[in-house]
Amino acid sequence: MKKRTLRIMLLVAVVSLGFFSCKRSSSKNTSKATGWRIDGKDGGFAANTKYKDQETAPGLVFVEGGTFTMGKTQDDPMHDWNNTPNQQHVQSFYMDETEVTNLMYTEYLYWTKTVFPPEDPNYRNIYTGILPDTLVWRNRLGFNETMTTNYLRHPGYAEYPVVGVNWIQAVQFCQWRTDRVNEAVLEREGYIAKGVKTDSIDASSTFSTEAYLTNPKETYGGRIDDYRGKMAERSNKKKKKGEDAEDGEEAEETNVYAKRTSGIILPEYRLPTEAEWEYAAKGLDGLREYNNVRGRKKYPWKGEFTRSGNRKRRGDQLANFKNSKGDYGGIAGWSDDGADITARVKSYPPNDFGLYDMAGNVAEWVSDVYRPIVDDEASDFNYYRGNVYMKNKINEEGKAEIVNNESIKYDTLATGRIVARNLPGQLAQVDIDENETYLRTNFDKADNRNYRDGDVASSRFYDLFNEDEEGGESDGKRMYNAPKHVVGSDSLGMIRKYDKSDTRTTLIDDNVRVYKGGSWKDRAYWIDPAQRRAFPEYMATSYIGFRCAMSRVGSKAQGKKRPRN
C-alpha cells in the first residue's frame with residue numbers, strides 16, 4: 001500500500017513538473033529552441049515578442065494580396081498585343097489612397113531647398129534636379145500658360161495630382177518620404193528628441209533610414225547623441241546605474257537606438273510594380289465573382305460603363321477622362337465630369353480597396369521596365385521586371401560608407417537635366433559582384449532589366465564579347481535597341497549628340513518604364529487597368545503622375561488571423 005502511494009505521489013510530481021516546464025517553455029519571453037530567456041535580461045538575446053502588426057503609414061491603405069488575371073480580355077483595336085492575359089499572385093501591400101498631390105510634392109521641394117540651398121554651388125543641382133517640368137503644359141496651338149505658371153504652386157491646385165515629374169524624380173520622392181516618415185516615427189517613440197526632424201538639420205546632418213539602421217552613431221552627421229530622445233536618455237541612465245529593464249518593459253525599447261528588430265521602422269515607400277498597380281486598380285476586394293478574378297472586370301468599378309447606375313448618382317461620370325474629340329468634361333452644368341484638365345483628388349468614388357482615381361485623372365508611373373511581354377513562365381509571383389541588385393559600399397575601415405558633400409554623385413539625363421544619384425547622409429551603393437553571385441541559381445548579375453526579354457542577347461548562347469564598330473555591344477543582335485543620344489559637357493558648355501543611326505528598330509530600351517491607367521487627356525479605352533503604355537524614365541508629361549506603395553511584412557491579412565483547419 002505504501003509503495004502504491006509512493007508511486008502515485010511520484011507520478012503527480014512528474015506531471016506537475018512537466019506542466020510547469022511546458023508552461024515555462026511556452027512563455028513568449030522564453031526560447032522554444034533552447035529554453036533560454038529572449039527578453040534581453042541578464043545581457044541575453046533580445047527579441048520583440050510584443051510585436052502585433054505593421055503600422056499603416058501616412059497616406060496609405062491596405063491591399064490584401066491574392067491571385068488575379070493580369071492583362072486584358074477585351075478587344076485590342078490598337079493591335080499592341082502587349083497585355084496577353086496571364087494569372088499572377090501578388091503579396092499584400094499598401095498603396096497611396098490618392099495620387100501624390102502638388103501640396104505633397106511642394107513640401108518635398110521646400111525641405112530640399114531648406115536643407116540643400118541651391119545658392120550653394122555644392123547643392124545647386126540637387127534642388128533643380130527634383131523640380132517638376134512645368135513646361136509640359138505648353139502646346140504649340142493651345143493657350144495653356146495659366147497652368148504653366150500656376151498649376152504646381154497655386155493653392156487652387158494644391159490637392160490636384162502633381163504632373164511634370166519623370167520616373168526618376170518619382171523614385172527620389174519615395175526615398176525622401178521614407179526617411180521623413182521613419183524620422184517622425186523615431187521621434188514619436190522617443191529615440192530622438194522632439195523637433196530634431198525640423199529644427200536641427202542641415203546638409204551635413206540629414207537622416208537616412210538605411211544609414212540609421214546600418215550605423216546609427218553616424219546619423220545626423222555623427223551628432224545623434226546630441227539629439228537623444230527620452231527612450232535613449234532613460235536607457236543611458238539605467239546603464240550608468242547598472243540597472244536591468246523593469247518588469248514587463250520590453251528590452252528592445254531600452255536600447256539607445258531602434259533596430260529593425262524593434263518593429264517600428266517602416267519598410268520603404270516605393271513605386272508599385274505593374275502587377276500590384278493593376279491588381280489594386282481592379283479592386284477585387286469586394287467583388288469576388290468568378291469572372292472578375294478571371295479577368296472579366298473592365299474598370300475599377302463594377303459594370304461595363306463609365307457612368308454611374310446608382311439611383312442617387314445615375315448618369316454621373318465615374319472617372320475623369322476625355323469623352324471624345326474636343327470634349328474633355330462635357331457640357332457645362334449638365335452631364336459634366338467636373339474637370340477639364342486634372343481634377344481634385346477624391347472627386348470620384350473609390351474602388352473596393354478604398355483607392356481613388358485608379359482610372360482617369362492622371363496616368364501613373366509604375367516601377368517596371370517595359371517589355372511587350374510579361375514573362376509569366378519565369379515568374380508568376382510578385383512579377384516585376386527591373387531588378388538591379390546593389391550592396392553597401394564598404395570603406396577602408398570595413399564600415400558602410402556614408403555619402404558626404406565630396407562623394408555626391410550626379411547623373412546627366414538624356415534631356416540634359418542633372419540629377420543627384422545620392423545625397424549626404426545616405427549609404428553609398430555599388431553593384432553586387434561575384435561575391436554575391438557565385439554558385440547561385442536564382443540570379444547571376446546585378447542588372448536584370450533585360451533578363452529573358454526575347455532578344456538574342458538573352459540567349460545562353462549569345463556571345464557577350466561580340467562588339468560593334470564603336471566598341472560596344474552589338475546593337476544589330478538586340479531586339480530592343482533604342483537610340484542612344486549622348487549628353488555631356490566640356491569647358492565650352494553642354495554637348496548634345498543625337499543618335500542618327502539607321503539601324504535602330506525600336507524606342508524600347510532598359511530606361512523605358514511602364515505607366516498605367518488613363519488620364520484626363522485619354523479616351524475611355526485607356527482607363528482599363530490592364531492597358532499598358534511606356535515612356536522614357538527621364539521624360540515627363542502633363543498627364544502622368546504617380547502614387548507610392550509599401551510592402552507588407554508579416555501576415556497576409558491585416559488585424560485578423562486566418563482559421564486553422
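**Buried residues, ring pairs and cores**

Biologist: Is T98 buried or exposed?
Modeller: T98 has a relative accessible area of 11%. This is a predicted model, in which local features need pLDDT of at least 70 and side-chain atom pairs count only at pLDDT 80 or more, while totals for chains, interfaces and linings use all residues. Residues are numbered from 1 along each chain as its sequence is written, and side-chain values use heavy atoms, with hydrogens and water left out. Because buried means under 20% relative accessible area, exposed over 50% and partly exposed in between (1.4 Å probe, protein chains only), T98 counts as buried.

Biologist: Which residues does T98 touch, not counting residues up to four places away in sequence?
Modeller: T98 is found in the loop between β4 (93-96) and α2 (102-115), where helices (H or I, at least four residues) and strands (E, at least two) are DSSP runs, numbered from the N terminus. With contact meaning heavy atoms within 4.5 Å, and with residues up to four places away left out, the residues that T98 touches are V345, K346, Y356 and R547.

Biologist: The backbone nitrogen of which residue lies 2.9 Å from a polar atom of the side chain of S262?
Modeller: S262 sits in the loop between α9 (230-241) and β5 (269-270), and at 7% relative accessibility S262 counts as buried. A polar atom of the S262 side chain lies 2.9 Å from the backbone nitrogen of K259.

Biologist: Leaving aside neighbours within four places in sequence, which residues are in contact with L186?
Modeller: L186 is among the residues with the most contacts inside the largest core. Once its neighbours within four places in sequence are left aside, the residues in contact with L186 are Y191, I192, F207, Y212, A258, I264 and I265.

Biologist: How many residues are in the other core, the one that lies apart?
Modeller: Among the residues of this other core are V61, M70, V90 and A275. The size of this core is 24 residues.

Biologist: What is the angle between the planes of W137 and Y151?
Modeller: Rings of Phe, Tyr and Trp (its six-membered ring) pair if their centres lie within 6.5 Å, and planes under 30 degrees apart count as stacked, over 60 as edge-to-face and the rest as tilted. By this rule the count comes to 26 aromatic pairs. W137 and Y151 form one that is tilted, with 5.0 Å centre to centre and an angle between the planes of 55 degrees.

Biologist: How many residues apart are W137 and Y151?
Modeller: W137 lies in the loop between α3 (124-130) and α4 (145-150), whereas Y151 lies in the loop between α4 and α5 (167-188). W137 is buried, with a relative accessible area of 4%, and Y151 is also buried, at 2%. The pair links distant parts of the chain, and the separation is 14 residues.

Definitions and conventions:
Polar contact = N/O pair within 3.5 Å; in protein donor to acceptor, adjacent residues only side chain to side chain. Core = buried A, V, L, I, M, F, W, Y, C linked by side-chain atoms within 4.5 Å.
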